[in-house]
Amino acid sequence: MKAGRYALIVTVLIAVSAVIVSCGRQQPTSSLEVACFKGGYGIDFFEQAAREYEKLHPGVKIKVWGNPRVWEQLRPRFVAGNPPDLTYPGWGMDHWALVYEGQVIPLDEYLDSPPYGKSEGKWRDTFEPSLLALCQYQGKTYMLPYFFSMLGWWYNKDMFEKNGWKPPRTWSELLALCEKIKAKGIAPITYQGIYPAYAVSGFLIPWAISAGGIEAFDNAQNLVPGAWKSPAFLKAAQMIDELRRRGYFQEGANGMDHTGAQMEFISGRAAMIPCGTWLHSEMRNVLPPNFRMGFMLPPVLDDGKGDPTAVGIGIEPWMVPTKGKNRELAIDFYKYMTSLEKAKQFVEQKGTLMSIRGSDQANYPEHLKEPVEVFRRAKTVWSVEYRQWYPKLGKEVEDATAALLAGNITPEQFVERLERAAEATRQDKNIPKHTYTRGKDR
Amino acid sequence: MTPRARAGFITLFLLPASALYALFVVIPVVQAFAFSLYRWRGISANRTFIGLENFQQLFNDPLVWRALSHNLLLFVGTSVVILTVSLALAHAVGAESALARFLRSVYLFPQVISLVVVAILWMFILNPSFGILNATLKAVGLKEWAITWLGNPYTALASIGVAHVWHALGFYIMLFAAALRTIPTDVMEAATLDGATGLVRLRYVTLPLLWAVLRIALVYMAIGTMNIFSLVFLMTQGGPDRATEVMLTYLYEQAFKHSEFGYATALAVVNFVLVMALSGAILTLFRHNPQEGRG
Amino acid sequence: MIRRAVVNLCLFLFALSVIVPLLWVLMTAFKTGHEIFTSPWGLPHTPQWENFVRAWEEAGIARYFLNSLIVTLATLAILLPIGAMAAYVFARYPFRGAKWLFGAFLGGMMFPLFLTIVPLFFLLARLGMLDTLHGLTLVYVAYSLPFTVFVLTGFFQTLPQEMLEAALIDGCGHARAFWKVMLPLAKPGIIVVGVFNAIGLWNEYPLALVIMTSDERRTLPLGIANLLMVEQYQSDWGALFAGLVIVMLPVLLVYWLFRDRIHETMIAGALKG
């Protein structure tokens, strides 16, 4: 027991000295705590921005911290009324619950004030409007975008060039190409089966939009009765089912996680994969040196109603907690981070698209050139919002998609399941409802 | 010892453990029970008292029943395998040879390493395109057996069960081997001299003497499978299409993904009551040692 | 004889199923990320020692290691004596309400841990113990008590009553009889419980995640979980496997050291001696 007692004494001593040290620390005149999700792009850029901001504003002290599961630590802090001053909680946080509970502030007042370092103009106007529109609830803006991702398909450029294949733009081109790829002994399409969200945004929704126009998807998101079992969604489900029946999906893909499926693609065992623009940064450590990947929109129906340039995007928003201690400073720091100069830096250092207008003039890395072009051409922008608004509906859509991909349910049963889940959400009085009003997209 | 001194002794010995336990476990648990009567998003201090509404909702939630059936399947399936193998092997493993000594140590490795490692390991073993399992099956000509183990709703739960057994088996072998050592050797020797071997010895000598440990082991298995979480969470996320959803992964989803903390706590309460009931049933069912009962 | 062969085959197969995957983790830790996915069962082309360097540096494993060591040892130092005392009373001194209290201890094993986390968070905040090693230690003691008391009660029940009676006749008080006679007799149980707790504490994740918020006081599992998450976004699987090896080796080593104690005490056997 002696060793144990000694360890206890050591523990207590360390704890006591930690308390003393933290009490004795000199508090700077104003300080800011920024809690960030640490995903594929890391948090070093935000830390660097904090050091720069501190230099520009003597007396300010900014603590940036973060980790890949930061939302788990933030939850109890929100409950305790002790949240950070500014936060980017990541995809694991139920953002809208924070809004419903009044835990984050509406930002419109600040969005109408000048951008960082300017005396006129509106901060609001520096953002891509289609992205800002995703941050609203009941007419107020509660969140702010930073970078954004585009959703589409990636193809193996060298494989395509070597075989003389062209990226398919239409459904009939896709079917013809898949047959050729399959004949070569390569899986035409793989997907991240364990996380069906990829298949939802890579197959189901683009095809529903192609079949029924953007209204088909907007109505579904807005829970219009019957929208989830509309002919558009049924058509999309039938397309997925057809690819499965023809054996164009990689065998075993339904048991693969994102890295597993993406490795199949990189290793040349599959020709195409649905994924966002983060694919390159996510796989950079395992990419063969000369691997070239091309980006394309999911092929659309030859006679589809929808806009063939429509593109899916996703944001991971930042927000200002109501009980943060230094609201003004938090806003000003975020204004600094979203200045055009910082936005361009982020594009160049991290290789992703930014929500700040004009940042597409930055020097894009090679793999982003095609996505940037696609985005510039896009006349319609869509985003999977129902998943954040109504997590249960989101989960059921994903589960049903997994079942459809595995061939366990028919397209008809599939859309019935979706509509049932939408109906349950509609009937649940405890779920606050959102409405997405489509303005002029671009 | 006078009753007073006895009471003092009991109090003194129980106090430190009870005090710490009450402060850090009982009080938070009681608070958690209270939460089950509220609608609470778990993201602010706002709570609405709704009585038993969460429980009402829970009994009408088909996914709860589905998750529970998976827990029970895992309990029955894994405990049958674990009991059979560990009782069969415990004697050999408990022997004093160098080999037995080595095996004892090796068997506990999966228990010693973290569940995160266990999960990753099995994910790689079962991987459809380059896992060792499918590679072996293909090599021996069973190509059609090489399926997507974790992606197929019919094999995913069994795969979780296999990983669970792999992780837990060593502990039970060890437990029974240790318990066998507490059986006085003269009893064993006498039984052997009487000509009792194999299954007969197991039935009439070993099992009755192991009865107390057997009960404990079964209770452990019930607790372990009712509270299974990490393996499912890491290996399948409850999928595909809920085929491996268990009580705690569903609870986690409700709390941390759907912000339904009240509902999730109600699930925890129900799970807790079920574990208690199951353990109680096991202890009652196995209360009477068949040998002693005959005497 | 056939039955014996079957038993031996089972012994061998299970041992193989344990050893092969672990060796595979070790081997994989020396491979490049690309090799891991393209030829997962092939030998590394050239051993990638850098994987270990990256894991060590990026995850800051040394500091987490020290934190885990302090917390684990301190927890055992408090847990084992008070757990044994409680278990002894439950096993040998029936009193009114004993069953109820024992049931309360058992209940803790069954209640899903992470739902107590939010109330626990407030409690620790009120006590000023949030983000401190001693706070985590006391919480660990409390959460390890059910298992400890449950198993030790079973062990004390198997000890022969005669030993206690002899000690009492020799003039020992009940407390003294416990410390001098019964506790040493229960040593095999204490060691088994201690090792199992040490391993559990070493691998504990959810409680530490919520209680320890500052980076410099992270325990090892938090560091590894962090590494795991980071690798999922960066696909540096080589470093992940190296990290797993770094994490597993000390646990296996500690276990290996205790293994001899377990072995010896089981051979000698307090009951036999």
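**Domains, a sheet and chain contacts**

Mentor: The domain assignment of chain A gives domain 1, made of 29–147 + 316–367, and domain 2, made of 149–314 + 381–427; please keep in mind throughout that this is a predicted model.

Trainee: How many residues of domain 1 of chain A are in contact with domain 2 of chain A, and what makes them count as being in contact?
Mentor: Residues count as in contact if their C-beta atoms, placed from the backbone, lie within 7 Å, and by that test twelve residues of domain 1 of chain A are in contact with 14 residues of domain 2 of chain A. On the domain 1 side, these residues divide into four nonpolar, six polar and two charged, while the centres of the two domains, taken over C-alpha atoms, are separated by 30 Å.

Trainee: Why is helix H3 of chain A called mostly covered?
Mentor: A residue is buried if 20 or more other C-beta atoms lie within 10 Å of its own, and in helix H3 (residues 70–79) of chain A seven of the ten residues are buried, so the helix is described as mostly covered. The buried residues of H3(A) are Val70(A), Trp71(A), Leu74(A), Arg75(A), Pro76(A), Phe78(A) and Val79(A). Just after H3(A), Gly81(A) takes a positive phi of about 75°.

Trainee: How do you know that strands S1 and S2 of chain A pair, and in what direction do they run?
Mentor: Pairing requires at least two bridges between the strands, and eight bridges join strand S1 (residues 30–37) of chain A to S2(A), so the two strands pair, and they run parallel.

Trainee: What makes S2 and S3 of chain A the edge strands of their sheet?
Mentor: The open sheet consists of three strands in the order S2-S1-S3 (chain A), with parallel pairing. Strand S2 (60–67) and strand S3 (86–88) of chain A each pair on one side only, and these are the edge strands. Neighbouring strands of this sheet are turned by 15° against each other on average, with direction ignored.

Trainee: Which helices lie across this sheet, and at what angles to S1(A) do they run?
Mentor: H3(A) lies across S1, S2 and S3 of chain A and runs at about 130° to S1(A). Helix H14 (residues 327–337) of chain A also lies across S1, S2 and S3 of chain A, running at about 60° to S1(A).

Trainee: What classes of residue make up the side of chain C that touches chain B?
Mentor: Here 64 residues of chain C are in contact with 63 residues of chain B. The largest share of the chain C side, twelve residues, comes from helix H1 (residues 2–28) of chain C, and by class that side has 51 nonpolar, eleven polar and two charged residues. As for chain B and chain A, 24 residues of chain B are in contact with 25 residues of chain A, and the chain B side there has seven nonpolar, twelve polar and five charged residues.

Methods: Residues numbered from 1 in each chain as written. Chains lettered and ligands numbered in written order. Predicted model: local features only at pLDDT ≥ 70, side-chain atom pairs only at ≥ 80, totals over all residues. Contact = placed C-beta atoms within 7 Å. Helix = DSSP H or I, 4+ residues; strand = E, 2+ residues; numbered from the N terminus. Nonpolar A, V, L, I, M, F, W, Y, C, P; charged D, E, K, R; others polar. Domains from an automatic or database assignment. Buried ≥ 20, exposed ≤ 12 C-beta atoms within 10 Å, placed from the backbone. Axes fitted to C-alpha atoms, helices over the stretch in contact; angles between N-to-C directions.
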